[in-house]
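Thanks for coming. I will take one structure and go through it piece by piece, starting with a single pair of side chains.

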Amino acid sequence: MTEEEIRKQIIRAKRFNYTVFAIFMIIAVLIGISVIRYKIQHEYSPLKWAKNPSDRVEIVNDMLSENELKGMTKAEVIDLLGKESDRNSKGTEDTLIYYLGVERGLSSDSEWLKIYFADERVSDYKVTFG
């Protein structure tokens, strides 16, 4: 192999390395953007909760991780989440029920956040289907 051929192979190898590096960087940036976008879409805010009741299913996990419902009074819960949903299910004196939207996945059932009270404070809560 001549010196010129070796030089051309080195240039080709460098070009290939730069191309592979650029492709990996583009993929990393796209993944980063997707993660940020997902986080923003699934982040709880009182405005999102109130504005889009059928999209609550996307932000309920974030809301529950940021707010310790157990021990809150009914007034504090209503202050945080607003009035109960005006859907088919209604809570009782000791329960608040919030519509979250269509169940995640392939189902067409609805998801609900049920908040239970005992002695004027949240004793338990759960996300239910149906």
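**Salt bridges, a helix face and a patch**

D62 and K39 form a salt bridge, with their closest N and O atoms 3.6 Å apart. This pair links distant parts of the chain: D62 sits in helix α3 (residues 56–66) and K39 in helix α1, 23 residues apart. By salt bridge I mean a side-chain nitrogen of Lys or Arg within 4 Å of a carboxyl oxygen of Asp or Glu.

Before going on, a word on the source: this is a predicted model, where local features need pLDDT of at least 70 and side-chain atom pairs count only at pLDDT 80 or more, while totals for chains, interfaces and linings use all residues. Residues are numbered from 1 along each chain as its sequence is written, and side-chain values use heavy atoms, with hydrogens and water left out.

Back to the pair. D62 is buried, at a relative accessible area of 10%, whereas K39 is partly exposed at 42%. Here buried means under 20% relative accessible area, exposed means over 50%, and partly exposed is in between, with a 1.4 Å probe and protein chains only.

How many salt bridges are there by this rule? The count is four. Another one of them joins R121 and E76, at 4.0 Å from N to O. It also links distant parts of the chain, from R121 in strand β3 (residues 121–129) to E76 in helix α4 (residues 74–81), 45 residues apart. R121 is partly exposed at 41%, and E76 is partly exposed at 40%.

R7 and E4 also meet in a salt bridge, at 2.7 Å from N to O. They are three residues apart in helix α1, and so about one helical turn from each other. An α-helix has 3.6 residues a turn, so residues three or four places apart point the same way. R7 has a relative accessible area of 41%, and E4 has 39%.

Now the overall layout. The protein chain has four helices and three strands, in the order α-α-α-α-β-β-β from the N terminus. The radius of gyration is 26 Å, well over the 14 Å that the globule rule gives for 130 residues, so the chain is more spread out than a compact globule. That radius is taken over C-alpha atoms, and the rule is 2.2 Å times the number of residues to the power 0.38. Along its principal axes the C-alpha trace spans about 90 × 30 × 25 Å. Of the 130 residues, 25% count as buried. Helices and strands are DSSP runs numbered from the N terminus: H or I of at least four residues, and E of at least two.

Next, helix α4. Its buried residues are V77, L80 and L81. After α4 comes G82, with a positive phi near 85°.

Last, the surface. I23, F24, I27, I31 and V35 form a nonpolar patch, with about 500 Å² of accessible area together. Patches are made of residues with over 30% relative accessible area and no salt bridge, like charges being joined within 9 Å and nonpolar side chains (Val, Leu, Ile, Met, Phe, Trp, Tyr) within 5 Å. Areas come from the Shrake-Rupley method with a 1.4 Å probe, and for residues only the protein chains shown count as cover. I23 lies in helix α1 (residues 3–41) and is partly exposed at 47%.
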